[in-house]
Amino acid sequence: MTQPAPQFLFDFGSPNAFLAHEAIPAIERRIGVKFDYVPVLLGGIFKATNNKSPAETLAGIKNKREFHAVETERFLKRYAVKPYVWNPHFPVNTLNLMRAAVAAQLDGVFDQYVEAAFHHMWVEPKKMDDLEVAAAVLSSSGLDGKALLTRAQEPEVKAKLIANTEDAVQRGAFGSPTFFVGKEMFFGKEQLRDVEEMYG
């Protein structure tokens, strides 16, 4: 029985989702299957599951943050990807960015949008919750930033992001990056190895 395409539930506000995004193209080439990217709102998932971001959960815990740094180094080496550049505006409210991702899906420019939004969050970081800044930099990446962010306010777009987020929680998600292969859930960028093994 062939496996369904792996799903990648992501929010641009997660640096680990960015690293997973960087690693995915090589995995897709190896397994011969494209990942299905699903925009979700991490803030909504946190609220529904009473979870908190690593920035909060790692604060003041001896050795844990240091281990996460080591783990990230291993990941960068394993997948031959570049590290993220810390966004000085973190935490960035990604509500409009994630809604615009749904709008980009509807407009047929999703892949280009995902690339641009991750780039301006974690490669050349900007204050992406400032609508003017976001519209300008998305447009500089060849998209119609203003149109996408305007469409992000449409009821069907808002409803789709809410539905994606609620569905993620129903299926067991509590953060990002989360991956699904059928009903099997994997959490965290390190589990991309396990996702890949499902297609071995």
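Phe-75 and Tyr-79 are both buried in this model, which is predicted rather than solved by experiment.

**Aromatic pairs**

Where do Phe-75 and Tyr-79 sit relative to each other along helix H4? They are four residues apart in H4 (residues 64–79), which separates them by about one helical turn.

By the pairing rule used here, the model has 18 aromatic pairs. A pair of aromatic rings is described by the distance of the centres and the angle of the planes. Here are two of the pairs, side by side:

| Pair | Centre to centre | Angle between planes | Type |
|---|---|---|---|
| Phe-10 and Phe-110 | 6.3 Å | 50° | tilted |
| Phe-75 and Tyr-79 | 4.7 Å | 45° | tilted |

Phe-10 belongs to strand S1 and Phe-110 to helix H6, so their pairing ties together parts that are 100 residues apart in sequence. Both of these Phe residues are buried. They also belong to one aromatic cluster, whose members include Phe-8, Tyr-37 and Phe-179.

**Charges over rings**

Elsewhere, the charged end of Arg-171 sits over the ring of Phe-180, at 3.8 Å from the centre.

**Helix H5**

Helix H5 covers residues 95–106, and at 1.5 Å a residue its 12 residues should span 16 Å; the end C-alpha atoms are 17 Å apart, which agrees. Its buried residues include Leu-97, Met-98 and Val-102. The buried residues of H5 pack against several elements, among them strand S1 (7–10) and helix H6 (110–122). Just after H5, Gly-108 takes a positive phi of about 75°.

Conventions. Residues are numbered from 1 along each chain as its sequence is written. This is a predicted model: local features need pLDDT of at least 70, side-chain atom pairs count only at pLDDT 80 or more; totals for chains, interfaces and linings use all residues. Side-chain values use heavy atoms; hydrogens and water are left out. Helices (H or I, at least four residues) and strands (E, at least two) are DSSP runs, numbered from the N terminus. The expected span of a helix is 1.5 Å times one less than its number of residues. Buried means under 20% relative accessible area, exposed over 50%, partly exposed in between (1.4 Å probe, protein chains only). Contact means heavy atoms within 4.5 Å. Rings of Phe, Tyr and Trp (its six-membered ring) pair if their centres lie within 6.5 Å; planes under 30 degrees apart count as stacked, over 60 as edge-to-face and the rest as tilted. A charge sits over a ring if NZ of Lys or CZ of Arg is within 6 Å of the ring centre and within 35 degrees of the ring normal.
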